[in-house]
Amino acid sequence: MVDLDEQAIAILQKNDRGGFTIPTARLYPFQWNWDSAFIALGLATMDDDRAWRELEMLVEGQAHDGMIPSIIFRHDDDDYFPGPNVWQTNNGPLDGTGISQPPVLASVVAHFAKTQGETGLKRAKALYPQILQWHRWWHTYRTPEEAEVVCTVHPWETGRDNCPDWNIGLRNMATDPDSESYQRKDIEHADPAERPTQEEYDKYISIVKFGRDHGWNQHVLTNQGPFLMADPGIFFILLRADRDLLWLAEQFGFEESAREIESWITQAESAADSFWNEEYGAFCAWDVRTKEFSHGFSNASALCFYADVGTTQQREKTLAHMRRIAGRTQFGQSSWDPDAPSFESQHYWCGPLWCQMNYMIAKGLSEQGEGQLAEKMRHDLKQVIELSGFYECFDPISGAGCIGRDFSWTAALWLAWASPSLTQTSPA
Ligand code: DGY
């Protein structure tokens with residue numbers, strides 16, 4: 001068998017663009033926000049300095065209002081649509097998108113600060129002000145008064161692009177009739193059946209047009225934009241990241257910002273129940289304007305352990321869904337509920353297993369006393385990679401690889417979590 005550790009290292013080297021790493025050639029040819037955070041975990045198994053460089057280059061793309069964009073464009077590339085000329089953000093030192101992505105960064109920085117001694121703490125301290133500014137951005141610009149929890153304005157911002165969770169918000173918005181015609185590039189590099197539909201893309205681009213037409217004023221985009229949903233994924237990841245940022249603030253003796261972060265945590269803890277869909281018995285996405293709940297168990301629903309929220313009963317119900325789903329699939333936690341009619345095992349966020357979500361879910365489970373289930377998730381990821389290689393995501397029933405090949409976060413999480421050559425297997 002070809003050594004998978006060596007293959008993973010070769011993928012990260014191949015996707016290195018000089019201090020930052022693209023997710024995969026052609027399909028995603030720039031630096032992506034949460035990808036880089038997970039990639040840094042893998043890089044740190046080989047070279048701490050290079051791992052920090054990945055994160056520092058991500059933060060270089062921070063916009064003036066504090067947002068760290070979902071994509072940093074250091075150049076244009078004909079392989080990708082929509083590129084910098086479509087977004088036209090003009091709101092920071094580098095070109096980027098006008099939306100963000102799940103804020104995993106603080107959690108990875110805190111992990112390095114805990115495990116790399118003085119050097120790790122020093123580099124974490126240097127990044128702290130900008131990470132704080134980014135979290136402040138989520139708590140102000142993306143928290144509409146009517147919701148009291150962090151929300152999202154675009155399915156791309158959630159990272160779970162075409163998850164059926166977003167159908168409610170997309171159905172309630174119109175496609176902008178003045179949108180210019182465009183040519184998708186993603187379906188030239190991947191099987192169109194595994195990518196979002198044309199109708200979804202038209203809506204995605206309409207939201208981009210709204211943001212651009214309003215000069216990327218993020219208050220306007222959140223409060224008046226075409227799409228506004230509350231995502232348990234962003235909510236749980238941000239709450240976890242706030243807890244990790246608070247730990248950093250305490251290490252550095254930053255008392256004033258520690259109080260500010262504590263207030264975000266208290267507020268989020270008291271608002272977590274707004275995601276609880278009593279009828280369905282799970283934490284679910286909901287539309288802010290219509291208050292309609294999504295009815296389906298996504299992999300974001302399982303992140304309540306990672307955020308350390310939920311009553312005993314809510315956690316038990318969550319675990320019951322996970323056991324039910326495990327009985328219907330073979331590998332890991334699927335991105336959507338296999339009992340839902342909209343489940344498709346190879347269609348991007350409508351079913352496949354995603355390694356970074358499984359990593360976070362397992363980390364939460366192992367911290368909250370569910371070590372056996374966490375270990376099964378690690379083992380399942382190991383198995384699908386052995387079976388199919390380093391794909392973007394995997395069919396949770398057959399284990400077949402889907403969409404992008406030689407994928408950086410899959411290689412990184414192999415090195416940092418799933419590889420049998422690791423001595424410590426609980427998630428970093
Ligand atoms: C894409 O282009 O599919 C990305 O997910 C957007 O971030």
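Asp16 counts as partly exposed at 29% relative accessibility, a class that lies between buried (under 20% relative accessible area) and exposed (over 50%), computed with a 1.4 Å probe on protein chains only. The model is predicted, so local features need pLDDT of at least 70 and side-chain atom pairs count only at pLDDT 80 or more, while totals for chains, interfaces and linings use all residues. Residues are numbered from 1 along each chain as its sequence is written, and side-chain values use heavy atoms, with hydrogens and water left out.

**Salt bridge of Asp16**
- Arg50 forms a salt bridge with Asp16, with the closest N and O atoms 3.0 Å apart, where a salt bridge is a side-chain nitrogen of Lys or Arg within 4 Å of a carboxyl oxygen of Asp or Glu.
- The pair links distant parts of the chain, 34 residues apart, with Arg50 in helix H3 (residues 48-59) and Asp16 in the loop between H1 and strand E1 (31-32); helices (H or I, at least four residues) and strands (E, at least two) are DSSP runs, numbered from the N terminus.
- Arg50 is buried, with a relative accessible area of 13%.

**A buried pair**
- Arg160 and Asp231 meet through their side chains in a salt bridge of 2.7 Å, N to O.
- Arg160 lies in the loop between helix H7 (155-158) and helix H8 (167-171), and Asp231 in the loop between strand E4 (229-230) and helix H12 (232-252), so the pair ties together parts that are 71 residues apart in sequence.
- Arg160 is buried at a relative accessible area of 1%, and Asp231 is buried at 1%.
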